[in-house]
Amino acid sequence: MTYNEDGSVTYTKDEHSRAQKKLQWLNYLEMAGADNSEAWDYALDLRAEAEGSDDE
């Protein structure tokens, strides 16, 4: 991944493919109802902690 001076980001084809696969997997998890579980709430807490925020 390359951060460009104009604020854009350039990805390699391989990086783009990996990102697409992860997004597809997340979509499957959401369709399966994973976003309605305690694990989802825990993941939100982990993200807020990592980002230094209490907001969700």
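User: In what order do the elements of the chain run from the N terminus on?

Analyst: The elements run β-β-α-α, and in total the chain has 2 helices and 2 strands, where helices are DSSP runs of H or I with at least four residues, strands are runs of E with at least two, and both are numbered from the N terminus. This is a predicted model, in which local features need pLDDT of at least 70, side-chain atom pairs count only at pLDDT 80 or more, and totals for chains, interfaces and linings use all residues. Residues are numbered from 1 along each chain as its sequence is written, and side-chain values use heavy atoms, with hydrogens and water left out.

User: What share of the 56 residues counts as buried?

Analyst: Buried residues make up 4% of the chain, the term meaning under 20% relative accessible area with a 1.4 Å probe, protein chains only.

User: How do you know that the span of helix α1 agrees with what it should be?

Analyst: The expected span is 1.5 Å times one less than the number of residues. Helix α1 (residues 13-31) has 19 residues and should therefore span 27 Å, and its end C-alpha atoms are 27 Å apart, which agrees. Just after α1, Gly 33 takes a positive phi of about 95°.

Technical notes: Buried < 20%, exposed > 50% of the residue type's maximum accessible area, 1.4 Å probe, protein only.
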